[in-house]
Amino acid sequence: MTADPVIELRGVSTRFGRLVVHRDLSLQIEAGQIVALVGGSGSGKTTLLRQMLGLIRPSAGSVELFGVDLNEPDPRVQRDLRRRLGMLFQHGALFSALSVFDNVAFPLRELRYLDEDWIRRLVHLKLAMVGLTMTHAQLMPAELSGGMIKRAALARALALEPELLLLDEPTAGLDPDRSQSFVELVGALQRELGLTVVMVTHDVNTLAALATHVAVLAEQKIVAFGPKAEIAASDHPFVAGFFGADRQKLL
Amino acid sequence: MKALPRLSIEPGRVILAGTWTLAAMLPQLAELQAQLAERSRQADAWDLSAVSRLDSAAAVLLWRAWGGAWPEQLQVSEVHKAVLGRVAALPGDIPAPAAPPPRLPEIVGNLVLKAMANLRGMVALFGQLLLDLGYLLRHPAEVPWKECAANVYKAGAQALPVTALVGFLIGVTLSYLSALQLKTLGADLFIVNILGISIIRELGPVLVAVLVAGRSGSAMTAQIGVMRVTEEIDALSTMGVSRSIRVIFPKIFGLTAAMPLLVLWTSAVALFGGMLAALLQLDLSLVYFVENLPRAVPVANLHIGLGKGLVFGFLIALVACHFGLRVKPNTESLSACTTSAVVTAITTVILADAIFAILTRHIGVPQL
Ligand SMILES: Nc1ncnc2c1ncn2[C@@H]1O[C@H](COP(=O)(O)OP(=O)(O)OP(=O)(O)O)[C@@H](O)[C@H]1O
Ligand SMILES: [Mg+2]
């Protein structure tokens, strides 16, 4: 096994026109960590995830995944890199023209190595993991409820058995029961496969139950990063405001 | 480097070790599959205790190699057993969702039904438009003037350059080709009649209609379609804003108002192009051409041309809005509906043109 950190951001700055979202931001995430990325609305959490995926190029600084720079020119290296990660977008980003089944099967079919029976079993496995049934599998994304979209998108993010899972507000829109089973699912996957997870969340319960580490994004930087307990004890004003009375839950 | 999946065999026992994940298996997938299939026939004792990682893709692979049942002897860690357990819990053979291939009568029937539904939709839209018009006449303060003006600008003013360019080129081409023929007959002066009648009465309106159907018609369908996909239409109606008055009416009104003007403009530019070509090819002066135009082309032709513009504009906008409203909330349907809108609009225009030709066959044709 390599000792490379799974994600390494060095001096990243992001700008949209005049608006500076990140300024000289650095973050290093090791294999096996479950990192909760917290921060106010509009503080640039989604943008940071998009940086990690290489969907936005930073205006300064560098992003490395598994020790490979995202600016690596070789398309095959890039493609193999993308196959090692799964992303759950904030609004699902399911392919609207494909049924739920085909959405989850899509990345598997793209591999061009697996036969249909294998794909079918895998898709049903993933759907069962996120609590969707066979009847849901034939529905189109437009026919799903908000929470079902989240779960279908999670199933798709898990399809390729990623080593790194990026989740943008995975439990927003789920009922408490579902949130709980989501926490158990990701926890179980982490134990089985040694996943690394980065999740944006506003839900203190999910954070408390799942995260090992917390990164706090405020003032265009990561103002605090460390094990959950350490962050909960910190006296940064944003941390105090964010967790408020729930601080006890983290400990 | 990553550890590879390894497979070894001792008498009566299959031993797996290393990383059994999709990514690690991919480079040697076919080989592994063949080996597993062969081993599973030879031995029924499996040792997975040296496996460091086992994901569900690998679990499915193993489960299939075992023929869908637990092997007699299995050594495996608790964590990995849970992964295998999830695969085992799946129903044995999952049927492929099979749709029977459609038969010919079904295909034809579906097409007919779809055409009828479209026709009914357009009639309904037309009726809604009449109702809206009645309502707006009674409540003139609610006429969405701003949107109407914006649509006239978008469909009309912004189309001026492209229609002028195409019209000019068609005028030049037509004039040039006709001049070649007329010269051999010594009937040079008839170029005025040929260009005048064909452009003003026929080519101008049809040319503009085809351009506008591709340009504005597709834009209307796509816009209304995306508004449906993103639920903006629903948001409008929750605010008590009528979608037909605010979204549909201005589009149809705008295009119906702009088209005759576009036809006038395009015909004028096309005639100008024809005149220039005639000047170069036949030495026919511009002044002669302009002076003789009213004599050669009865003014009724202009009225017919403008009337066609009005009707074509209305038809294009009606078809485009109808298909926009039929878009289902997915990208595939959006592209299909946009295509249908343009194709149907152009077909409808040509059809209407034929009807015009029949109805106006005695009007405006100079008697020689
Ligand atoms: N494509 C873009 N163009 C311009 N500005 C953008 C773009 N994407 C995001 N922004 C801006 O960047 C800032 C951060 O946006 P981002 O979506 O990352 O916030 P967030 O932390 O995910 O918020 P939330 O918790 O509400 O999802 C916002 O001020 C937003 O307006
Ligand atoms: Mg966000």
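By class, how many nonpolar, polar and charged residues make up the lining of the largest cavity?

Author: Five nonpolar, two polar and six charged. Here Ala, Val, Leu, Ile, Met, Phe, Trp, Tyr, Cys and Pro count as nonpolar, Asp, Glu, Lys and Arg as charged, and the others, Gly among them, as polar. Bear in mind that this is a predicted model, where local features need pLDDT of at least 70 and side-chain atom pairs pLDDT 80 or more, while totals for chains, interfaces and linings use all residues. Residues are numbered from 1 along each chain as written, chains are lettered from A and ligands numbered from 1 in written order, and side-chain values use heavy atoms, without hydrogens or water.

Let's stay with that cavity. Its lining has 13 residues, and those nearest the centre include A:Glu161 and A:Glu163 from one chain and B:Thr21, B:Ala23 and B:Arg53 from the other. Its volume is about 110 Å³, and the structure holds three cavities of 30 Å³ or more. (A cavity is a set of points on a 1 Å grid where a 1.4 Å probe fits but cannot get out, and lining residues have an atom within 4 Å of a point; the volume is the space filled by probe spheres set on the points.)

The second largest cavity comes to about 60 Å³. Its lining includes A:Gln51, A:Gly54, A:Arg57 and A:Pro58, and also A:Asp69, A:Leu70 and A:Asn71. Strand β4 (residues 60–65) of chain A gives the largest share, three residues; A:Gly61, A:Ser62 and A:Val63 are in the lining too. By class, that lining divides into three nonpolar, five polar and two charged residues.

Now for the ligand. Ligand 1 is surrounded by 14 residues (each with a heavy atom within 4 Å), the closest being A:Ser41, A:Gly42, A:Lys45, A:Thr46 and A:Thr47. An oxygen of ligand 1 sits 2.6 Å from a side-chain N or O atom of A:Ser41. From A:Gly42 it's a backbone N or O atom that lies 2.8 Å from a ligand oxygen, and A:Lys45 puts a polar side-chain atom 2.8 Å from one. By class, the shell has three nonpolar, nine polar and two charged residues.

Terms used: On a 1 Å grid over the protein atoms alone, a cavity is a set of points where a 1.4 Å probe fits but cannot get out, and a pocket is an open set with protein on both sides within 12 Å along at least five of seven lines; lining residues have an atom within 4 Å of a point. Helices (H or I, at least four residues) and strands (E, at least two) are DSSP runs, numbered from the N terminus. A polar contact is a pair of N or O atoms within 3.5 Å; within protein, one must be able to donate a hydrogen and the other to accept it, and residues adjacent in sequence count only if both atoms are side-chain atoms.
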